[in-house]
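The exercises below ask the reader to work from a sequence and its model to a residue-level description.

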Amino acid sequence: MKCLLCHQTISTKLTLPWILSWQPIARPVVCQRCWATFAPIQRATACPGCGRSQSRPQLCADCQRWPLNQAFKNIALFDYNDAMHAYFQRYKFQGDYQLRRVFQIPLQRTVTRLAGDLVLSIPVTPATMTTRGFNQVTGWLTDGENQPGIMTKAKIKAKAQSQKDRSARLATPQPFQLVTTQVQVQDRHVVLVDDIYTTGRTIRHAAQLILESGAKSVTGLTLAR
């Protein structure tokens, strides 16, 4: 098995207890050297509002600027460092779909631990789906965990969030609508999955939409912050 990131061969050591257990071998898709370049966020001290990595569990300066909403919080798994930036360049922008496997397990395990009534993901625009061919978020989720409950509103030449500065992101009007024929959020605890929490504008738009439709709470889950 070769590392999906550096393409070096990954050696797997089999122990006798593992062999005697007759369990299937979970082969890693990333070598230890590459995996060590990513920086997990410590939940115990992360910002309780957005999941930012910090030394004390208090609202960060960014979250203090948002209206307080006890029904929404975001959890982020990794810092957006140089390694994560390089990962997204290859996976999201160059369209290397096999790289979805790098973070499938930690994303799926966290979704399971959050135990929401419903799991939704941030959608991509039809134009992005046409050019890229996939939604980078649903690529991390297994069949059945992602419900097509949110879609983007029709826009003309909508500019991608990655191409906007902070002020332009924050000024973005509500870009989503709920597909009520597909999902019902009334009185449910919803897990909302996205790729990167930058300013929080995108995931907060979606969370606001879900809460206004009657959900009890929304927990955001992003790979990076």
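The exercises proceed from the whole chain to single residues, each with a worked solution.

This is a predicted model, in which local features need pLDDT of at least 70 and side-chain atom pairs count only at pLDDT 80 or more, while totals for chains, interfaces and linings use all residues. Residues are numbered from 1 along each chain as its sequence is written, and side-chain values use heavy atoms, with hydrogens and water left out.

**Exercise 1. The chain as a whole**

Task: Describe the secondary structure, burial and contacts of the protein chain.

Solution. 
Step 1. Helices (H or I, at least four residues) and strands (E, at least two) are DSSP runs, numbered from the N terminus. The protein chain has eight helices and six strands, and their order along the sequence is α-α-α-β-α-α-β-α-β-α-β-β-α-β.
Step 2. Buried means under 20% relative accessible area, exposed over 50%, and partly exposed in between (1.4 Å probe, protein chains only). Of the 225 residues in the protein chain, 44% are buried.
Step 3. Accessible areas come from the Shrake-Rupley method with a 1.4 Å probe; for residues, only the protein chains shown count as cover. The protein chain exposes about 12800 Å², of which carbon and sulfur atoms supply 52%.
Step 4. Contact means heavy atoms within 4.5 Å. Among contacts with a separation of 6 or more in the protein chain, 75% join residues 24 or more positions apart.

**Exercise 2. Salt bridges**

Task: Which residues form salt bridges with D62, and which parts of the chain does the pair D195 and K92 tie together?

Solution. 
Step 1. Side chains of opposite charge can pair when their charged atoms come close. A salt bridge is a side-chain nitrogen of Lys or Arg within 4 Å of a carboxyl oxygen of Asp or Glu. The structure holds five salt bridges.
Step 2. D62 is bridged to R52, with 2.6 Å between the closest N and O atoms. Because D62 lies in helix 3 and R52 in the loop between helix 2 and helix 3, this pair ties together parts that are 10 residues apart in sequence.
Step 3. R65 also meets D62 in a salt bridge, at 2.6 Å from N to O.
Step 4. The relative accessible area of D62 is 14%, so D62 is buried. R52, at 28%, is partly exposed, and R65, at 58%, is exposed.
Step 5. A network of salt bridges links R52, D62, R65 and R225.
Step 6. D195 forms a salt bridge with K92, the closest N and O atoms being 2.8 Å apart. D195 belongs to strand 5 (residues 189-196) and K92 to helix 4 (residues 82-93), so the pair ties together parts that are 103 residues apart in sequence. D195 counts as buried at 5% relative accessibility, and K92 is buried at 15%.

**Exercise 3. Loop residues**

Task: Locate P40, and state what A115 and D187 show in phi.

Solution. 
Step 1. P40 sits in the loop between helix 2 (32-35) and helix 3 (61-64) and counts as partly exposed at 49% relative accessibility.
Step 2. Not counting residues up to four places away in sequence, P40 touches L77 and F78.
Step 3. A115 is not a glycine, although its phi is positive, at about 50°. A115 lies in the loop between helix 5 and strand 2 (118-121) and is exposed, at 58%.
Step 4. D187, also not a glycine, has a positive phi of about 60°. D187 lies in the loop between strand 4 (176-178) and strand 5 and is partly exposed, at 47% relative accessibility.
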